[in-house]
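My notes follow, one topic at a time.

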Amino acid sequence: MMSKRLVVSLVTVMAAGIIAPSLRAQDEKWNNVPPRRSAYDGRKSSGPAPRRDMSGIWDAAQTLGVSGATEHPALLPGGRGAEGGREDETGIAKPLPYTPAGLEALKKNKPSGPGVRQVDSVLTNDPAGKCDPLGFPYMFLWELRTLNVVQTPKQVIMLSPFYGNYRVIWTDGRQPPKDPDPRYNGYSVGNWVDDYTFVVQTTGMLAKTWLDHAGRPHSDQLAVEETYRRVDRDTIELTMKITDPQMYTEPWLALNKIPLHLQPPDFDIPELLCSPSEFAEYNKQVGGVVLRDSSKK
Amino acid sequence: MPNKRGIVACLVAIAAFGAPLFAHHGAASFDTSKMVMVSGTVTEYVWTNPHVLVKVDAKDDKGNITNWVLEAWNPVTQASRGWTKATFKPGDDVSLEINRAKNGQPVGEIRGRIVINGKEFKESL
C-alpha cells in the first residue's frame with residue numbers, strides 16, 4: 001500500500017503537470033502571457049457572478065485577440081487570410097448591409113489588415129498604419145486582447161495596452177451629448193439593466209476613424225451598443241451592435257457573445273504600442289522592399 | 001538579387017500546413033501558397049514593434065551570400081508563442097521556413113519550422 005503522503009505527493013505532481021502552463025504564466029510577475037482558449041475548455045465556474053461588477057483583468061483568450069474583422073462571418077470574404085472573395089463584398093454569406101454610400105466609403109479604405117481588399121502595407125490608408133489613434137470601436141474590433149477594467153462609483157474605465165487605448169464609460173446617470181463635438185473614442189454611458197448585464201451606448205465618434213482593421217467605414221451617425229453579460233465569476237460575454245444608417249441599412253453584430261476570461265488580480269499586461277518611428281523603420285526594411293508594384297510607391 | 005535556385009533549400013507545399021491561419025499585417029505582399037526554407041547565420045535579431053525581425057546571411061550554391069530579412073509578429077504575440085528577446089543571437093546557425101515576398105526580394109514571413117543550432121524550436125501554439 002502506498003502511504004498517504006506518497007499518494008498526496010503524486011497527485012500534487014500530476015496536478016502541477018496538468019496546470020503547468022497557467023502556473024508558469026503566473027510565476028513571472030511581469031509581461032504575463034494569458035492562457036490560450038483551449039485552457040478554458042471544460043473548466044468549471046469558480047463561483048457565481050458578483051452583482052454589478054465589471055472590475056478585473058479580462059482576456060479575450062485568442063491567439064491574436066478577438067478581431068472583429070475575422071470573428072464575424074460576413075467580415076472576411078474568402079475566409080481567414082484568404083485572398084478570394086469579391087472586393088465589394090457581394091456574393092458572400094451574410095454580407096454586411098451596406099448602403100450605396102457605405103459601399104462607396106468602403107472602397108476608399110485600403111486596408112493592410114485581413115481580407116480580399118488587403119493592400120501592401122506601405123500603400124494602406126489605414127489610420128493604424130500611421131499610428132493614428134484607432135478610436136472606438138476599432139480598438140475593440142482589432143486584436144482585442146487583454147483589458148484592465150477599473151470600476152468606480154461613477155465610471156467604468158477600460159485600459160487596453162494594445163496601442164495604448166483607454167475608455168471612460170460614465171455610469172453616473174448622465175445622458176449622451178445631444179450635439180457632440182466628435183472625438184476618437186466617442187462618448188460612452190453605461191447602465192446596469194440587471195445585476196449581471198451592463199449595457200454601454202457610445203456615440204459622437206470621429207467619422208475619419210475606421211470601424212475595423214479590414215476598412216469597414218462608419219459615419220458620424222455611428223452608434224455602438226455593447227452588452228457585457230457577466231455569466232459567472234470568471235466570464236463576461238461581450239456583444240457589440242453597430243448602427244449607422246448612413247453606411248448600413250440595418251444594425252448588425254460585430255461581436256456576438258465573445259467570452260472574456262477573468263485573470264488573476266496580479267496579472268501584468270504587456271505593452272504593445274504603435275511607434276511612428278518604429279513603423280517607419282519597418283517600412284524601410286520590409287514594407288517598402290516587398291511592394292509588389294514599385295510604380296505605386 | 002539572390003540566385004533563384006540557391007539559398008532556398010526546399011519548397012514545401014502549403015497543403016502540409018493547411019491554409020494560412022491569419023492574414024498578417026501586409027500579408028498581401030507575401031506568397032502564402034508555399035513555404036521556402038532559408039538556412040544560414042543570424043546577423044541581427046530585432047525584438048521590436050511592429051514586427052520582430054530575424055536577419056540571416058544565407059549562402060547559395062555558388063557561394064554568394066544574401067542577407068534575408070525575415071519577420072515574425074510583434075513581441076507580445078511572439079512571447080505568447082514562446083519566443084523571447086534571446087531566442088536568436090548573431091552567429092546562430094538557423095533554418096527558418098518562410099513565405100517569401102512575391103516580388104522576389106530576400107524578405108519573408110516566418111511561418112513554419114524553426115531550427116536553431118541544429119535544434120528544433122517548438123512554438124507554444
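I looked up burial in chain A: buried residues make up 37% of its 297 residues. I call a residue buried if 20 or more other C-beta atoms lie within 10 Å of its own, exposed if 12 or fewer, and partly exposed in between, with C-beta atoms placed from the backbone. In chain B, 42% of the 125 residues are buried.

A note on conventions. Residues are numbered from 1 along each chain as its sequence is written, while chains are lettered from A and ligands numbered from 1 in the order in which they are written. The model is predicted, so local features need pLDDT of at least 70 and side-chain atom pairs count only at pLDDT 80 or more, whereas totals for chains, interfaces and linings use all residues.

Next, elements. I take helices (H or I, at least four residues) and strands (E, at least two) as DSSP runs, numbered from the N terminus. Chain A has six helices and nine strands. Chain B has one helix and seven strands. From the N terminus on, the order in chain B is β-β-β-β-α-β-β-β.

Then the sheet. I found a closed barrel of nine strands in chain A, running β1-β2-β3-β4-β5-β6-β7-β8-β9 with mixed pairing. The twist averages 30° from one strand to the next. Axes here are lines fitted to C-alpha atoms, for helices over the stretch in contact, and angles run from 0 to 180 degrees between N-to-C directions. Two strands pair if DSSP finds at least two bridges between them. I checked one pair: β5 (residues 187–194) and β6 (residues 197–203) of chain A run antiparallel and are joined by seven bridges. Y187(A) stands opposite T203(A) in β6(A).

Contacts came next. I count a contact if two C-beta atoms, placed from the backbone, lie within 7 Å. In chain A, 60% of the contacts with a separation of 6 or more are between residues 24 or more positions apart. For chain B, 59% of contacts between residues at least 6 apart in sequence join residues at least 24 apart.

Which residues have the most contacts inside the largest nonpolar core? They are Y138(A) and M240(A), in a core of 40 residues. Such a core is a set of buried Ala, Val, Leu, Ile, Met, Phe, Trp, Tyr and Cys residues joined through C-beta atoms within 7 Å. Apart from that core lies another, of 32 residues, including V38(B), W68(B), W73(B) and I114(B).

I turned to helix α4 (residues 100–108) of chain A, where G102(A), A105(A) and L106(A) are buried. They lie on the same side of α4(A) because they cover an arc of only 105° around the axis. The arc is that of the directions from the helix axis to the C-beta atoms. The face turned away from the buried side carries the exposed P100(A), E104(A) and K108(A).

Last, the backbone. Most residues other than glycine have a negative phi, and most peptide bonds are trans. I logged a cis bond between F136(A) and P137(A), with omega about 10°. P137(A) is in the loop between α4 and α5 (138–141) of chain A. The bond from N49(B) to P50(B) is also cis, omega near -5°. R52(A), not a glycine, has a positive phi of about 45°. R52(A) counts as partly exposed, with 14 C-beta neighbours inside 10 Å.
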